[in-house]
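Subject: Structure for you to look at

Hello,

Here is the structure I said I would pass on. Please open it before you read the rest of this email.

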Amino acid sequence: MQNKGIIKFAAIVLALLSLYSISFTFVAKHVEDQAKEYAKGDPIKERSYLDSVSNQPVYPVFGHTYSYVKQREIPLGLDLKGGMNVTMEIELSSLVRSLANNPTDSTFNKALKNAESRLINSQKGLIPLFVEEFEKLNPNGKLAAFFATKENADDIKLNATNQQVQTFLEKQANSAVQRSFDILRTRIDKFGVTQPNIQLQGGSNRILVELPGVTDADKNRVRKLLKGSAKLEFYETYDNSEIFPLLQNVNNILAAKAPKTTAKSSAKSSSTVADSTKADKDKPALLSAKRDTTNKDSAANDALAKSNPLFTVLSPATYQAQNGQQSLRPGPTIGFASETDTAKINAIFAQDDIRSVLPPNIKLLWGVKPISPDSKVFELYAIKPSGLNGEPALGGDVISNARADFDQKGSPEVVMVMKSDGAREWKRITAAAAGSPQSEDDNKSIAIVLDDAVYTAPRVSGEIPNGISSISGNFTVDETKDLANVLKAGKLPAPAKIVQEAIVGPSLGAEAISSGLISSVVGLIVVLVFMMFYYNRAGTVANIAVFSNVFFLMGVLASLGAVLTLPGIAGIVLTLGMAVDANVLIYERIREELNLGKSLKVAISDGYKHAMPSILDSQVTTLITGIILYIFGSGPIQGFATTLIIGIVTSLFSAILISRLIFEWLLKKEMPIKFSNPWSDHTFKNANFPFVKRRKVFYLLSGTFITLGIISIILRGFSYGVDFKGGRTYIVRFEKPVTTENVRQDLNETFGVVTEVKTFGSADQIRVTTPYMIDSQVDNADQQVEKKLKEGLSQIKDNPATIMSSQKVGPTIANDIKISAIYAVLLSIIAIALYIFIRFRKWSYSIGALVALCHDVLLVLSFFSLFNGILPFSLDIDQSFIAAILTVIGYSINDTVVVFDRVREFLNAHHAKTDNMSVVINEAINSTLSRTIITALTVIFVLAVLFVFGGDVIRGFSFALLIGVIFGTYSSVCVATPVVVDFLREGKKD
């Protein structure tokens, strides 16, 4: 074996990196266990403890903080951790109307309405559909007549073509989606959820939001938070010098209320302010008055906290003057605080006795971002509302345009343009803020506030008479783009609606973790025992490779920050079965070489060498399906695809290189190596089953089953999951077993529509699917549906029910998921057939592979239609089923390619004219039969374990995989290769 040194070095480096990446999860878990022990069941105390150690070193040797470690642990998906998954869709129709100043033209509005109707079943976006519909209704009409307004004058002229208008609208739509994304991200960051995830779904107007830990009680607050329209406002401000005496008064009141003796205080959270702002070069003395929180003098710290309870958590905004003295910093910023202390400060100012000493026309708001990217310190602003009800000086709807630009010196700035009515009021506000024209000392700031968070508070240098303002400062280009987007939030309304939603309760998540761990452990044990049982000592070598594969797989997942989902665990379990595939190929080839009389050392070398093409071909085809699944899948299914793809790579490394190093070591030590036990030594040896001769029998069997399946599909159809047909699904658990028919009748009466009720796992748990109000645009539609559900469930007497999880999929997104699934399956089949053609250079092999793949897909579809409602578990067609189909395609072609490789090898060896091609190909099939059956058995074993122990959520998924692998193994031997025989003969006739 060449390059052993390099391989050993790579293995050691990969092992160390994997260990390092995985270690973050264990360190974070250790800290969280300490927090649980400290809190003794109190979640507030537990959260407080974790906040206090957020910036404390917890990682041995390297000294990484808990915050750093937590960000790098293996994140759990919502199906394991519990929480809320929401897909938001930006309503672009409102944006289009706004850009045209809400026209009353009947053609315009009808075109937009028609486009919204077509959107449900179309792959095109709303903008191109709108232009198409307008041109249908008015072939000679010009959209520029609607959009060439004063506000859009820089972008659209009256003579613009409809195509130019479409380009303009699409640009504005993309901007609106990005703006909504930024606003939602800010809102979610403020919501206080640990490790939230928000991402734009490329090429669409949808935004995915994942909120771990959100419970059923929080969901209405989350919906309101996500769907609320952005509120942009302009406020006048107070100067720091005006507010500081009030802060001193508040501090004194709090000190007077403090008890005479106080427990030892934890200053950890406050130290965040002192430490994290030391690197802020723009404000070197900003927090220099902050108390020392190194805890070297605990008594002094306690005394300071007692005498200055407010200033312990809120650092006054000061700077070091030229005379070396601390002075109040000018401007609207009145203090700085660690993120962990902001809630505490809010609570202080909400106290009745504190509110009574503050003027009614003062509003304290936090900055939207930390003062520097690497800190968690926020500014507190003093805002001056107008009027008795605390209104802003100006609303955001006065903005007509905002853009990122550069000033005369080339520095980034934001140009803001106001409508005529807003410009007049802006002139008055800026004149008042600018103060005396002869001095800058009395210049005040105007705060730009979105959703009660201050984005910036620029100082006004002079009256702005024409409504065109520039906002300059120490901005980066990206910051000016973000601010311009914020300013447009008031101008261009683009409401967001929830089109898909899933809520998983924490108890269901805990059960999923338990099921996943059990299935993983049992699956691993089954594979290990079988390999030792069948391959003797060589099986032990394969088991070491399997262990290293799982270790490397988890290490790579951790280093990439890949989210571990329940289907992801299923991918790991499946990888365990497929990981031995390469070892089986190698071992079977070594056994063949030994039977030819070669020495053990030569047989091992030749076995690895001759097995390599089949190994690479089989893994590449599986990799193709994994990549396609990742591209077209979403959420947990992407987690499965990620695990599958990484598992293929780590399996190859472990099976080919790690196992080879072990064999080299065993040979060097002259230790005995056996590749079989006495009973398995002759298994499938000299097999001579007439697969090719009886191929027409197999064609008839498959054709009959598929025909029956097609008839069933036409007459009975499928049971579609909610993500394919739209609607709401709830997992409901009762205290005692229930009859689904009784529940169905009660819910049908309550909802007034046909409701699907199925047993979900045990007899006390059901899954309810209803289309009730799925098309409703009412804000509280989700609450109304849930209220109706609880009303219907309450009719089941003396058997209380609990909603464990819920899912909602709108009709538009359901159609998109369905179409994406079809594309994914077709693209996988075509891509694999193309790879086979490139690899084998004969179209007959591609036809054989294509027929086999279509055969497998049709068999699984037929089975799911024929046995739906007969088997005691769900056979739904949903995203998980599509993931299973694609995996089956990858596995099936994996088997088929191995057979094809041996067929090609035999045909090249038996090239004499006297050789009968059918006999040669049949010998090739029989020569790989041992590998085909052994690999199938290992995968079937782990899938059976996954089916039994994996839990109710993935039972249908694991069953589809199970029967798919059985059908795939059958087709590789009995269908794909015989089809090649028939087409090779046809090719020779031609």
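Below are the notes on what was found.

This is a predicted model, in which local features need pLDDT of at least 70, side-chain atom pairs count only at pLDDT 80 or more, and totals for chains, interfaces and linings use all residues. Residues are numbered from 1 along each chain as its sequence is written, and side-chain values use heavy atoms, with hydrogens and water left out.

Overall picture. The protein has 31 helices and 23 strands; helices (H or I, at least four residues) and strands (E, at least two) are DSSP runs numbered from the N terminus. Of its 990 residues, 53% are buried. Buried means under 20% relative accessible area, exposed means over 50%, and partly exposed is in between, with a 1.4 Å probe and protein chains only. A contact is a case of heavy atoms within 4.5 Å. Among contacts between residues at least 6 apart in sequence, 74% join residues at least 24 apart.

Cysteines. A disulfide is a covalent bond between the sulfur atoms of two cysteines. C974 is buried, at 7% relative accessible area, while C854 is partly exposed, at 32%.

A helix pair. Helix 5 (residues 92-99) and helix 6 (residues 106-119) have axes that come within 11 Å and cross at roughly 165°. Axes are lines fitted to C-alpha atoms, for helices over the stretch in contact, and angles run from 0 to 180 degrees between N-to-C directions. Angles under 35 degrees count as roughly parallel, over 145 as roughly antiparallel, 65 to 115 as roughly perpendicular and the rest as oblique, so helix 5 and helix 6 are roughly antiparallel. On the helix 5 side, S93, V96 and R97 meet F108, N109, L112 and E116 of helix 6. The residues of this contact divide into three nonpolar, two polar and two charged; Ala, Val, Leu, Ile, Met, Phe, Trp, Tyr, Cys and Pro count as nonpolar, Asp, Glu, Lys and Arg as charged, and the others, Gly among them, as polar.

Backbone angles. Most residues other than glycine have a negative phi. D452 has a positive phi, near 60°. D452 sits in the loop between strand 14 (446-450) and strand 15 (453-456), and is partly exposed at 36% relative accessible area. N536 also has a positive phi near 60°. N536 lies in helix 18 (residues 506-560) and is partly exposed, at 23%.

Regards
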